[in-house]
Amino acid sequence: MSAHTCACPHCDCAVESREWVHDVAGEDLLYCCEACMQRHPKGMVPCQSAGCDCGERVERERELAS
């Protein structure tokens with residue numbers, strides 16, 4: 001079974017479980033949760049996948065960029 005990685009650039013979760021996987025229409029991308037699929041609007045939406053800190057990283061990167 002091939003392991004996919006979440007397409008969110010802030011996240012390295014392996015997308016394995018079908019209930020995690022969200023397909024974006026027209027793109028062959030897999031996301032581990034809804035927050036990642038929505039690209040963390042305003043950087044505030046945390047990843048809902050256990051053990052993933054991509055929401056926090058998005059927020060930190062926003063703070064560094066400003």
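A disulfide is a pair of cysteine sulfur atoms within 2.5 Å. In general, a disulfide is a covalent bond between the sulfur atoms of two cysteines. The views below come from a predicted model, in which local features need pLDDT of at least 70 and side-chain atom pairs count only at pLDDT 80 or more, while totals for chains, interfaces and linings use all residues. Residues are numbered from 1 along each chain as its sequence is written, and side-chain values use heavy atoms, with hydrogens and water left out.

View 1. Helices (H or I, at least four residues) and strands (E, at least two) are DSSP runs, numbered from the N terminus. Along the sequence these elements follow the pattern β-β-β-β-α-α. The chain has 66 residues, of which 35% are buried. Buried means under 20% relative accessible area, exposed means over 50%, and partly exposed lies in between (1.4 Å probe, protein chains only). Among contacts with a separation of 6 or more, 24% join residues 24 or more positions apart; contact means heavy atoms within 4.5 Å.

**View 2. Confidence is lowest in E3 and highest in H2.** The score used is pLDDT, the predictor's confidence in each residue, from 0 to 100. Its mean is 64 in E3 and 90 in H2. For the chain the mean pLDDT is 81, and 79% of the residues reach 70 or more.

**View 3. Cys32 and Cys33 are shown with Cys47, the cysteine whose sulfur is nearest to each.** How many disulfides does a search of the whole structure find? The search finds zero. The closest cysteine sulfur to that of Cys32 belongs to Cys47 and lies 3.7 Å away, which is too far for a bond. Cys33 is in no disulfide either, with the sulfur of Cys47 at 3.4 Å. Cys32 has a relative accessible area of 3% and is therefore buried. Cys33 is also buried, at 5%.

**View 4. The largest nonpolar core holds 15 residues.** A nonpolar core is a set of buried Ala, Val, Leu, Ile, Met, Phe, Trp, Tyr and Cys residues joined through side-chain atoms within 4.5 Å. The members that touch the most others are Cys6, Cys8, Cys11, Cys32, Cys36, Cys47 and Cys54. E4 and H1 each supply at least two residues of this core. H1 gives the largest share, three residues.

**View 5. Helix H2 spans residues 54-65.** H2 has 12 residues, and the distance from its first C-alpha to its last is 16 Å, close to the expected 16 Å. The expected span of a helix is 1.5 Å times one less than its number of residues. Which residues of H2 are buried? They are Cys54, Gly55 and Val58. Seen down the axis of H2, these residues fall within an arc of 110°, so they line one face of the helix. The arc is that of the directions from the helix axis to the C-beta atoms. An α-helix has 3.6 residues a turn, so residues three or four places apart point the same way. The face turned away from the buried side of H2 carries the exposed residues Glu56, Glu63 and Leu64. Helix H1 (34-37) is included in what covers the buried residues of H2.

**View 6. Arg39 and His40 lie in the loop between H1 and H2.** Is His40 buried or exposed? His40 is buried, with a relative accessible area of 2%, whereas Arg39 is exposed, at 52%. Most residues other than glycine have a negative phi, and most peptide bonds are trans. Arg39, not a glycine, has a positive phi of about 60°. The phi of His40 is also positive, near 50°. Leaving aside neighbours within four places in sequence, His40 is in contact with residues including Cys8, Val45, Cys54 and Val58.

**View 7. His10 is in the loop between strand E1 (4-5) and strand E2 (14-15).** His10 counts as buried, at 18% relative accessibility. Not counting residues up to four places away in sequence, His10 touches Cys54, Arg57, Val58 and Glu61.

**View 8. Leu29 is in the loop between strand E3 (22-23) and strand E4 (30-31).** Leu29 counts as partly exposed, at 27% relative accessibility. The C-alpha atoms of Leu29 and His4 are 9.3 Å apart, although these residues are separated by 25 residues along the chain.
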